[in-house]
Amino acid sequence: MKYESVSAVVNRIKEDLQRDYRLQSIAMEGNIIGLKRASNGHWYMNIRDDGASIRAVLFRGRAGTMMNTVREGDSVVVVGSINVYEKGGTLSFIIERLFSQGMGNLQAQYERTKAELAAKGYFAQDRKKALPRFPWRVGILTARTGAVLHDIEKIRAERNPYIQPILYAVPVQGEGAVPELVKNLTAAGNNKSLDVLILARGGGSMEDLWCFNDARVVEAVFAAQVPIITAVGHETDTTLVDYAADVRAATPTHAAELAFPRFEDMELQLSSLAETVYETMRLRIERLQHELEQVTARIQLRRYDDFLAAKAENLRHLLTASQQRLDYLFLQKESELAKTQARMEVLNPLSLLRKGYGRLEQDGKVITAAKAVKKDRPLTIEMADGTIITDVKEVTGRGKNGE
């Protein structure tokens, strides 16, 4: 039996298409989706309508000024022919001429929805919430797999690994994404244990990002009780959830930098707050002392002995009450500062090392279980005051009950 090669089959398809005159001079109408310009100057896009989509190419030599005013989502009429790219085995529409008809169906729908939501006040600046200075739990709404979650986790590990991330895995593309996005945004937005939310996905075409323009998703973002940072698409992409969010980040990495402040910066801010409390109390004591001196100076001692005695008693009560209030405020602020310092100390990994615990590493990996230790391999034990390197002679595991 004789077998055909892949090249022969693809070439035969190409020849059949080129012989069909109906496919060699076509005027076709549709909307531009996924518009991109390559580094070599060629333009790539998809031409779609409600029922189908076809890949299209406008080569640099033909482009001229045709693309100067064309943008994603525009309605266009293209004239050209069908061809097959042999190496990729892909069918494409080769554009000879392109005529823009202005705003396409998707863009028009986008503008209508944007105007309706703006009229309801969903994009108002005075209703946006400020991001917390000291977040401890951050909700992340994105796909479970992909580069976005990896980038966010990388920034968290670098800047502040003590902040706890809470993942709400959601679909970020397609028809079924909207109900899941609304459900998870509602759950995360009403979770008072979270300090801030990140809603993120990578770049894509207008069609890929369309679920983030759905009015139901925008309403869920607006209704959230927790501050939301959005990072949807590339920096040049703007979806409707970006307008409703409290903060719009250029990229998922930028969103993570906003949500995870550096640990060192938090320490400096806490120190600054303690100094502010001390200075405020000092100034208040000085002001009370000055008021006391003014009152004393206004009293005529020789003529109003009884008046002086009464006022002196009132002043003593005032000073005692003021001192008690100051003492209470001092104790309250000292307690808050002590709690914060204790919390920071608990999160400090060096605390465990100072108590005699050690951090184990083998072959560059942190050891968290005995079964992960390899025999006859060097084991590094990092303690508070130095590092021990030893060889492992034997590894003995324990059962579930520690026997």
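Predicted model: local features only at pLDDT ≥ 70, side-chain atom pairs only at ≥ 80, totals over all residues.
Quick ground rule first: two strands count as paired if DSSP finds at least two bridges between them.

- Strand S1 (residues 26-37) runs antiparallel to strand S2 (residues 43-48), with 5 bridges joining them.
- Trp43 has Leu58 in S3 as its bridge partner, and the S2–S3 hairpin has 4 residues between its strands.

**Ser322 in helix H10**
- Ser322 sits in H10, which covers residues 305-347.
- Its relative accessible area is 13%, so Ser322 is buried.
- A polar atom of the Ser322 side chain lies 2.8 Å from the backbone oxygen of Leu318.

**Aromatic pairs**
- Searching the whole structure turns up 2 aromatic pairs.
- Tyr122 and Phe222 are stacked, at 4.5 Å centre to centre with 25 degrees between the planes.
- That pair links distant parts of the chain, 100 residues apart: Tyr122 is in the loop between H3 and S6, Phe222 in helix H6.
- Tyr122 is buried at 15% relative accessibility, while Phe222 is partly exposed at 22%.
- Phe123 and Tyr243 form a tilted pair, 5.4 Å centre to centre and 40 degrees between the planes.
- Phe123 is in the loop between H3 and S6 and Tyr243 in helix H7, so this pair ties together parts 120 residues apart in sequence.

Conventions. Residues numbered from 1 in each chain as written. Heavy atoms only, no water. Helix = DSSP H or I, 4+ residues; strand = E, 2+ residues; numbered from the N terminus. Buried < 20%, exposed > 50% of the residue type's maximum accessible area, 1.4 Å probe, protein only. Polar contact = N/O pair within 3.5 Å; in protein donor to acceptor, adjacent residues only side chain to side chain. Phe/Tyr/Trp six-rings, centres within 6.5 Å; stacked < 30°, edge-to-face > 60°.
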